Amino acid sequence: MSQSETFHPALAVSNIKNHIPIILEMETVQYSTWAELFKVHTRSNKVLHHILPSTTKEKTPSASPVTKEQPATQEVEDEDMWATLDATVLSWIYSTISNDLLHTIIEPDATAMEAWNRLRDIFQDNKHSRAVTLEHDFSTTRMENFSNASAYCQRLKSLADQLKNVGAPVSESRLVLQLVSGLTAPYRGVGTMIRQSNPLPPFYQARSMLTLEESGLAKEATMNSESVMVTAVNHDENPSFVTSHSG
């Protein structure tokens, strides 16, 4: 087999984290996003069949019988390549999950598909119990617990995606209303505007309105801070001016 025939694009991937920037953890529950990124990456590198059963005519080389036109040495080379690619995909899985998950799923001589299925079972088993927990988290999420509007919106969207994955999808209108109900006092004005819209704006538009409001509030706070600083400087430089005008 020539060098051009043995080269495989998956073997050229030097750092899987450049393609899958998410580290899958039990606590953050980003399985759906991680799994989708992983499937896209394996599909683009022609190794999707190492984690999902093949639905095309493509078969693993070891499953092909030896024919008169195909010498036994050719089959051995194909089996070696399949094992190399499977180990490559398995290393991608191990490199993009947390240490806790790694110790949970790792087994001697495991294939990439076995590791993939173990992760799927961990995150998709007991769907009803997970739906109850996720529903509680979704309905009690409040903006005050996040550093900014984007983080708050991202958390709600993530919980909605997870609920969809366990068979309890959240409608677009409910997602927007939940976003509004969890806003802090400075955002009540834009919250009222969103709530009174008919029809309700889509989630991405409501999120944009919040981030714009956040930017405006930040500028207002900066202006107020600068005004206080100017007043303090004037007082330090000319206290008699402030005293004479205090009335």
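Helices are DSSP runs of H or I, at least four residues long, numbered from the N terminus. In this predicted model, D109 lies in the loop between α4 (99–105) and α5. The phi of D109 is positive, at about 60°, although the residue is not a glycine. Most residues other than glycine have a negative phi, and most peptide bonds are trans. D109 is exposed because its relative accessibility, 77%, meets the cut-off of over 50%.

K46 is another non-glycine residue with a positive phi, here of about 65°. The loop between α2 and α3 (72–95) holds K46. With a relative accessible area of 57%, K46 is exposed.

A backbone feature of another kind occurs at P199. The peptide bond that joins N198 and P199 is cis, with omega at about 5°. P199 sits in the loop that runs between α9 (188–195) and α10 (203–237).

The packing of α7 against α8 was examined next. Two packed helices are described by the angle between their axes and the distance between the axes. For α7 (residues 149–165) and α8 (residues 172–181), the angle is about 145°. The axes of these two helices are 11 Å apart. The crossing of α7 past α8 is right-handed. On the α7 side, the contact is made by Y152, C153, L156, K157 and A160. On the α8 side, L175, Q178 and L179 take part. By class, the residues of this contact comprise six nonpolar, one polar and one charged.

Helix α7 also contributes to a pocket lining. Four helices, α2 (31–44), α5 (112–124), α6 (127–139) and α7, each give two or more residues to the lining. The largest share, five residues, is supplied by α2. Six nonpolar, four polar and three charged residues make up the lining of the second largest pocket.

Helix α2 gives the largest share of the lining of the second largest pocket, and the loop between α2 and α3 carries K46. Helix α5 gives two or more residues to that lining, and D109 lies in the loop between α4 and α5. Helix α7 packs with α8 and is among the elements that line the second largest pocket with two or more residues.

Note on methods
Residues numbered from 1 in each chain as written. Predicted model: local features only at pLDDT ≥ 70, side-chain atom pairs only at ≥ 80, totals over all residues. Heavy atoms only, no water. Axes fitted to C-alpha atoms, helices over the stretch in contact; angles between N-to-C directions. Left-handed = near helix turned anticlockwise from the far one by under 90°. Contact = heavy atoms within 4.5 Å. Nonpolar A, V, L, I, M, F, W, Y, C, P; charged D, E, K, R; others polar. Buried < 20%, exposed > 50% of the residue type's maximum accessible area, 1.4 Å probe, protein only.
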